[in-house]
Structure formats: C-alpha cells, structure tokens
Amino acid sequence: MMTSGKTKLPSSVDIVVIGGGIIGLSFAYEAATAGRSVLVVERRRCGSGATPVAAGMLAPVSEAEATLPGMVEFGLESSRLYPDFIAHTEADSGMKCGYRTEGTLSVAADRDQMEQLEHRAATHEELGLKAQRLSAREVQQLEPGLSARIVGGLRTEIDCQVDPRALSAALVVAGSARGVVFANATEVTSVELDPNGAVCGVSLRSNKESKGADSPHNRINVRNLVLCAGAWTRELIPELSDLPLYPVKGQVIRLRGDVAISHVVTSPDAYLVPRAGGELVVGASMEEQGFDDRPTAGVTMDLLGQAWRVLPSVYELEIAEINVGFRPTFPDHMPAIGPIDLPGAFVATGHYRNGILLAPATAKYLLEIMDTGEIPEVIARFTPHRFAAARPAVVTTTMEIEP
C-alpha cells in the first residue's frame with residue numbers, strides 16, 4: 001500500500017525505514033518477506049535520490065580494486081544473491097526489472113588505455129577473479145558497432161546489469177504485496193526512547209503540512225529504526241552527525257535511438273549501458289562539490305566525447321536526459337552497515353558507486369544482525385563504529401530532528 005503523509009498510517013510496526021532508495025526498498029522487502037511489519041518513510045518519493053540516476057551495473061569483477069578486497073568479497077556475495085532477488089521481486093510485483101547477464105566488455109582505444117586494462121587484468125588475477133583477454137578482432141566480433149580504433153579488451157562474464165528505475169518501482173509493488181507501507185513526502189520529526197534509552201517510537205509529518213504538525217495520529221510505536229537516506233543519512237539523528245559521510249556528485253546522460261551494443265561497455269573514461277527499448281546510459285562524472293545539482297556543459301561534452309570514441313554511432317542518438325545524483329561516500333569508500341550507539345537503531349549507507357550491486361546483500365545481512373545481534377564476518381569491516389568518536393550523552397527521552 002502506497003501512502004502519503006495524510007493517509008492513515010499504522011499505529012505500530014516492527015521496523016521503520018527512513019529512506020526509500022534502493023537500499024531502503026530492498027531491506028523493506030527482505031524484512032517483510034521474513035514476516036516483519038515495515039513502514040518506509042521517504043521525504044520525497046520512493047525510488048528517488050541517487051537510485052534513478054544510477055546506471056545499474058552489477059560489476060563486482062570489472063570494478064574490483066586490490067586495495068579493497070573486503071568490498072570484492074561482499075560484491076561477489078551480493079552478485080550471487082541477485083538472480084533469486086530479481087526472481088522473487090518480479091514474481092511478487094508482476095514487473096520486469098531489466099536484469100541482463102551479457103557481462104561487461106572493457107575496451108581500450110589506444111596503447112595507454114591498453115596498459116590500464118592489463119593492470120586491471122593483473123588485479124583480477126591477484127584477487128582470484130577471472131576476465132578474458134580479447135584481441136581487437138575478438139572485440140569486434142563480439143560488438144561490431146564499436147570503433148575500429150579499439151585495440152583490445154577484457155570480457156567479464158560474471159558481471160550483469162539491472163535497470164534501477166524498474167527495480168525500485170518493482171520493489172515498491174512487491175513490498176506492498178508483502179504488507180510494506182510507504183509514506184512518501186513524509187519526514188520523521190522525532191524519535192522517542194524508552195526508559196532504557198532504546199528506540200520505541202517515531203513521529204511523522206507530511207511535507208505538505210506546516211511545521212509543528214505532529215499529533216498522536218502520526219506517532220508510531222516501533223521496535224527498530226533503519227537509517228538509509230543515502231548522502232543525507234547523517235542529518236537524520238544526532239547520533240549520526242559524526243559520521244564522515246559526504247556526497248560525490250555524478251552526472252549521467254541518457255540517450256535514445258538505435259543502440260548498437262548489447263554488452264555493458266566500459267573504457268577508462270566512460271561507461272555505456274544499453275537498455276531495452278533503445279536507451280543508452282553514458283556515465284559518469286566523479287565530483288566532490290557538495291550538493292551542487294547543476295548539470296554542466298563541460299561534463300556533458302567530456303562524456304559524449306569519450307562515448308563517441310568507443311561507439312561512434314552515439315553521434316546520431318537523441319539526448320533524452322541529463323541527470324545528477326549524489327553517491328553517499330565515506331573516506332575509505334566502504335559502506336556503514338549495522339547498529340549504532342542508539343539501541344534499536346541501525347544504519348545502511350555509504351555504498352558509494354555500488355549501491356545497486358550491494359542492495360541484496362545489505363538487506364540480507366542487516367536483517368540477520370537485527371534478528372541475532374551478531375555481526376556476520378562478511379560485513380564486520382563495515383561497522384559504523386569504525387568512525388567512532390566521543391559524542392555527548394543523551395539526556396532526554398525524545399530527540400527533535402531538524403526537518
């Protein structure tokens with residue numbers, strides 16, 4: 001059931017999820033499937049934020065970094081979960097999620113880029129991963145539409161892709177079928193604690209209402225609180241204010257027309273993701289500019305130039321959209337998943353470039369932590385307590401949150 005702030009909400013739920021992006025939606029669906037009652041609170045609309053901007057590459061191998069072996073392991077685990085995750089979501093929603101398994105083709109347009117690919121191949125081997133080296137002729141055989149300048153490539157068959165917009169829409173429908181309630185255009189204005197200092201309730205306000213509109217009708221009893229509002233997560237409650245979370249701006253272009261590739265194609269300077277229906281996603285910039293949401297001509301020129309260098313036919317495609325999103329990022333480029341210093345509250349954010357890939361595993365293991373109180377080894381390094389710093393003690397039973 002989809003609701004707004006003016007629709008009657010349940011008086012009590014097991015879990016309130018703050019944030020309706022891919023992480024929040026995936027967790028809500030996982031928890032509801034396991035029999036929990038769940039309310040998702042989203043200040044805009046579920047499926048907004050960084051999710052609809054993301055290209056949807058599921059690339060635990062082609063984007064593996066030797067300096068982050070824990071992320072590689074977690075990415076591979078989440079990739080293994082994806083087929084069942086998609087099958088269940090599509091069965092419960094009756095909708096397709098754009099899941100495709102052609103793999104990733106990484107290509108080089110000159111010798112310098114080929115050296116970068118060779119370095120990547122060596123990284124794969126160091127991590128025990130597989131990628132097939134391809135000659136220029138073999139690349140052309142796989143994707144005849146690519147530029148004749150391509151000098152070689154790597155093919156990674158384990159990589160897949162999904163359409164984040166289709167997936168998030170399907171998760172809302174599938175979650176609703178499992179009993180999840182969605183409160184769009186709604187904010188949590190306060191979190192109530194019991195005498196032991198644990199979360200026991202939240203108060204909500206529709207964004208359409210005036211400030212101070214809290215009432216008994218939008219106070220909800222809750223056992224657990226999950227905070228996953230992407231790059232805005234640290235603003236939700238005081239206990240998260242010390243998290244070193246920051247946004248990394250990404251500009252992405254969506255083209256439309258006769259798309260001449262079937263694989264996800266990457267070069268050192270751009271990626272191209274083909275979609276059903278004649279869409280090609282080209283991305284993406286990496287800009288540390290705060291929450292500056294302006295698309296810029298320079299980035300658009302650079303991305304299109306790099307895409308044209310790899311796939312000349314992009315010259316004829318229509319520009320359908322230019323999107324800006326904000327990747328939630330920590331300095332170590334790893335997410336924060338798990339309990340925080342407020343009993344009953346959990347965080348799941350900071351997935352950087354891998355939010356879509358890591359959504360199923362994040363949902364699975366966060367629910368496991370919530371149920372058992374134990375931290376699975378595969379995500380032990382992602383504890384939010386790795387950023388622990390002295391915080392003032394909580395001296396009241398109700399925390400007011402700035403809207």
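Mentor: Strand 7, residues 152–156, is mostly covered, with four of its five residues buried (under 20% relative accessible area; exposed is over 50% and partly exposed in between, with a 1.4 Å probe and protein chains only). Helices (H or I, at least four residues) and strands (E, at least two) are DSSP runs numbered from the N terminus. The model is predicted, so local features need pLDDT of at least 70 and side-chain atom pairs pLDDT 80 or more, whereas totals for chains, interfaces and linings use all residues. Residues are numbered from 1 along each chain as its sequence is written, and side-chain values use heavy atoms, without hydrogens or water.

Strand 7 has pairing partners (strands pair if DSSP finds at least two bridges between them). Strand 5, residues 104–108, runs antiparallel to strand 7 and is joined to it by five bridges; Ala108 has Gly152 as its bridge partner. Strand 6, residues 132–135, is also antiparallel to strand 7, through four bridges, and Arg133 is partnered with Leu154.

Helix 7, residues 355–372, reaches 24 Å from its first C-alpha to its last, close to the expected 26 Å (1.5 Å times one less than the number of residues). Helix 7 has a kink of about 35 degrees centred on Ala361, the bend being the angle between axes fitted to the seven residues ending there and the seven starting there. After helix 7 comes Gly373, with a positive phi near 75 degrees.
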